[in-house]
Amino acid sequence: MKKSYDEIRQYLKEVKTAVSTGQYRIEHSNRRPDNAILCRDYLLSETGIQKILLSLTEEDFCKTLCNQHKGFEHEQLYVFGKDVTLSRRLDIGDEKIPLYIKINKLDNQFVIIVSFHKQTYPLTYAFPSRAESQSQCPHFCA
């Protein structure tokens, strides 16, 4: 389902409210090992993740997906990409990381960050002005 810029603006407003008030969680299950790998390989704390989530813009939006888990097919998952600079945990220096972020905002406004990891394939962004907004890659760490 195609979403308008204004719909994504409203969705992000609600997500950011949930994140800033602690009404969210990041999925850390055996089905989501890539989420843990990102935090293992880079100096990225819960506060750093929160800052990244709060920095999402409409231009970072890619697409929506239907939840594939039985009983939750009515839920829409929103996919975003975000280029950030992170400090490596065991090496000296920083690295530009393209992130894949998949979000599920429940009817009660609680937010589940389903995916938060390096992109495994290039994303296609819904709004073409994204290239201009990503020219400066923000640095996030601990």
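Helices here are DSSP runs of H or I with at least four residues, strands are runs of E with at least two, and both are numbered from the N terminus. This is a predicted model, where local features need pLDDT of at least 70, side-chain atom pairs count only at pLDDT 80 or more, and totals for chains, interfaces and linings use all residues. Residues are numbered from 1 along each chain as its sequence is written, and side-chain values use heavy atoms, without hydrogens and water.

**View 1. Helices α1 and α3 cross at roughly 160°.** Here the axes of α1 (residues 5-20) and α3 (residues 46-54) come within 9 Å. This angle makes α1 roughly antiparallel to α3 (over 145 degrees).

**View 2. Residues of α1 meet residues of α3.** From α1 come K16, V19 and S20, and from α3 come Q50, L53 and L54 (contact means heavy atoms within 4.5 Å). By class, three of these contact residues are nonpolar, two polar and one charged.

**View 3. The largest pocket holds about 330 Å³ of space.** A pocket is an open set of points on a 1 Å grid where a 1.4 Å probe fits, with protein on both sides within 12 Å along at least five of seven lines; lining residues have an atom within 4 Å of a point. Among its 17 lining residues, R32, N67, H69, N104 and V114 are the closest to the centre. Strands β2 (61-66), β4 (94-105) and β5 (111-118) each give two or more residues to this lining.

**View 4. The second largest pocket has a volume of about 170 Å³.** Its lining includes Y11, H74, N104 and D107. Both β3 (76-87) and β4 give two or more residues to this lining.

Technical notes
Axes are lines fitted to C-alpha atoms, for helices over the stretch in contact, and angles run from 0 to 180 degrees between N-to-C directions. Angles under 35 degrees count as roughly parallel, over 145 as roughly antiparallel, 65 to 115 as roughly perpendicular and the rest as oblique. Ala, Val, Leu, Ile, Met, Phe, Trp, Tyr, Cys and Pro count as nonpolar, Asp, Glu, Lys and Arg as charged, and the others, Gly among them, as polar. Grid points are joined across faces, edges and corners, and a volume is the space filled by probe spheres set on the points.
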